[in-house]
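The report that follows describes how one protein chain is put together. Please keep the sequence and the 3D view open while reading.

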Amino acid sequence: MDILQFYESDVEKKIYFDKDDSDLTWTSMAHYHRAVELCFPVKDSLVCCVNGEKFEVEAGEIAFIDSFDVHYFEISKGSSRYAVVIGAEFLSNFYEMYGKKNSRVRFPRKLFDKEKNKILFTIVREWGEHFETCNRLQNLGYVNLLLGTIAELYGIEYSDSENDNLIVKILSFINEHFKEQIDLELLSKTFGYSKSTVSRAISTAIGEDLRTYVNLIRARNVHKLLQSNPEMTVTEAANKSGFNSLKTFYRAYGQVFDENPKIKG
């Protein structure tokens with residue numbers, strides 16, 4: 001099983017733009033980030049899974065993934081798509097214009113009207129032609145043009161920001177404190193919700209229970225430590241990552257990487 005990845009820092013502060021022509025059939029790793037992501041299939045369809053909901057996106061349709069949505073893609077050989085990831089720092093104009101107090105602004109998960117989407121594909125193709133030479137302000141202009149046009153064509157959806165923010169806060173907390181002892185009791189006291197509410201929010205968003213998810217995050221950190229510190233032993237790396245049992249570590253590591261780490265010392 002692939003570990004759920006959290007992409008931070010660079011993604012948050014940048015725009016990622018890519019035209020991907022696949023020569024393989026593959027499934028991306030489940031991940032989430034503070035940025036918003038749009039996927040524009042140009043040739044053939046792809047499958048997108050967002051927060052446990054799997055759906056097909058045909059050529060000419062558009063998938064919209066909001067910040068902190070857990071998602072992955074199933075890509076077929078011969079397909080082609082544009083991928084646009086917009087960091088949080090580029091979204092302030094959009095949120096200022098369309099935001100409402102105590103509500104979270106977002107678009108529909110799938111933009112399905114192919115006639116309307118022709119306008120959006122035109123914007124993205126033009127942006128792609130100039131992306132590498134655009135400065136920060138010009139890229140911001142394309143962001144505002146793209147999102148503003150989607151809002152005009154599809155309207156805006158609003159959701160309860162309190163419920164959405166809970167999972168954002170929980171996942172951020174876990175990624176910052178995974179080396180420490182984390183359980184439902186701690187998260188319940190930290191965020192002021194019942195243990196059942198916290199547990200349900202985690203399982204709904206990432207498809208794992210709390211203990212499994214925390215151990216997967218720790219296993220990923222062990223892998224990073226061993227890769228960057230060749231002389232470090234497995235025991236040292238596991239201890240530094242929050243594991244108090246090598247048996248638990250090996251079980252989690254095997255889930256993530258389907259192999260055992262090389263034992264040193």
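## Terms and basis

A polar contact is a pair of N or O atoms within 3.5 Å; within protein, one atom must be able to donate a hydrogen and the other to accept it, and residues adjacent in sequence count only if both atoms are side-chain atoms. Helices (H or I, at least four residues) and strands (E, at least two) are DSSP runs numbered from the N terminus.

This is a predicted model, in which local features need pLDDT of at least 70 and side-chain atom pairs count only at pLDDT 80 or more, while totals for chains, interfaces and linings use all residues. Residues are numbered from 1 along each chain as its sequence is written, and side-chain values use heavy atoms, with hydrogens and water left out.

## The chain as a whole

The chain holds 10 helices and 13 strands. Of its 265 residues, 46% count as buried, where buried means under 20% relative accessible area, exposed means over 50%, and partly exposed lies in between (1.4 Å probe, protein chains only). The accessible surface comes to about 13700 Å², and 48% of this area belongs to carbon and sulfur atoms; accessible areas come from the Shrake-Rupley method with a 1.4 Å probe, and for residues only the protein chains shown count as cover.

Among contacts (heavy atoms within 4.5 Å) with a separation of 6 or more, 74% join residues 24 or more positions apart.

In soluble globular proteins, nonpolar side chains tend to be buried together. A nonpolar core is here a set of buried Ala, Val, Leu, Ile, Met, Phe, Trp, Tyr and Cys residues joined through side-chain atoms within 4.5 Å. The largest such core has 31 residues, and those with the most contacts inside it are F40, I86, L120, W127, L146 and I150. At least two residues of this core come from each of β2 (15–21), β5 (36–43), β8 (62–65), β10 (80–86), α3 (114–130) and α4 (136–154), with the largest share, eight residues, supplied by α4. Apart from this core lies another, of 20 residues, which includes V70, V198, I202 and Y213.

Leaving aside residues up to four places away in sequence, W127 touches I15, F17, V84, N139, Y142, V143 and L146.

## Helix α4 and its ends

Helix α4 has 19 residues and reaches 27 Å from its first C-alpha to its last, close to the 27 Å expected at 1.5 Å a residue; the expected span is 1.5 Å times one less than the number of residues. Its buried residues include N139, Y142, V143, L146, L147, I150 and Y154, and what covers the buried residues of α4 includes β2, β5, β10, α2, β12 (110–111) and α3.

Just after α4, G155 takes a positive phi of about 80°.

At its start, a side-chain oxygen of D209 reaches to within 3.3 Å of the backbone nitrogen of R211.

In helix α6 (residues 184–191) sits S188, which counts as buried at 15% relative accessibility. S188 touches Y193, S194, K195 and V198, not counting residues up to four places away in sequence.

## Loop positions

L91 is placed in the loop between β10 and α2 (92–98) and counts as buried, at 2% relative accessibility. Its C-alpha is separated by 8.7 Å from that of V36, 55 residues apart along the chain, and L91 touches V36, I86 and L147, not counting residues up to four places away in sequence. A88 lies in the loop between β10 and α2, but is partly exposed, with a relative accessible area of 29%.

D44, in the loop between β5 and β6 (46–50), has a phi near 65°, a positive value in a residue other than glycine. At 41% relative accessibility, D44 counts as partly exposed.

## Cysteines

A search of the whole structure finds zero disulfides, a disulfide being a pair of cysteine sulfur atoms within 2.5 Å. The sulfur of C49 is 7.2 Å from the closest cysteine sulfur, in C48, which is too far for a bond. C49 counts as buried at 7% relative accessibility, and C134 counts as buried at 15%.
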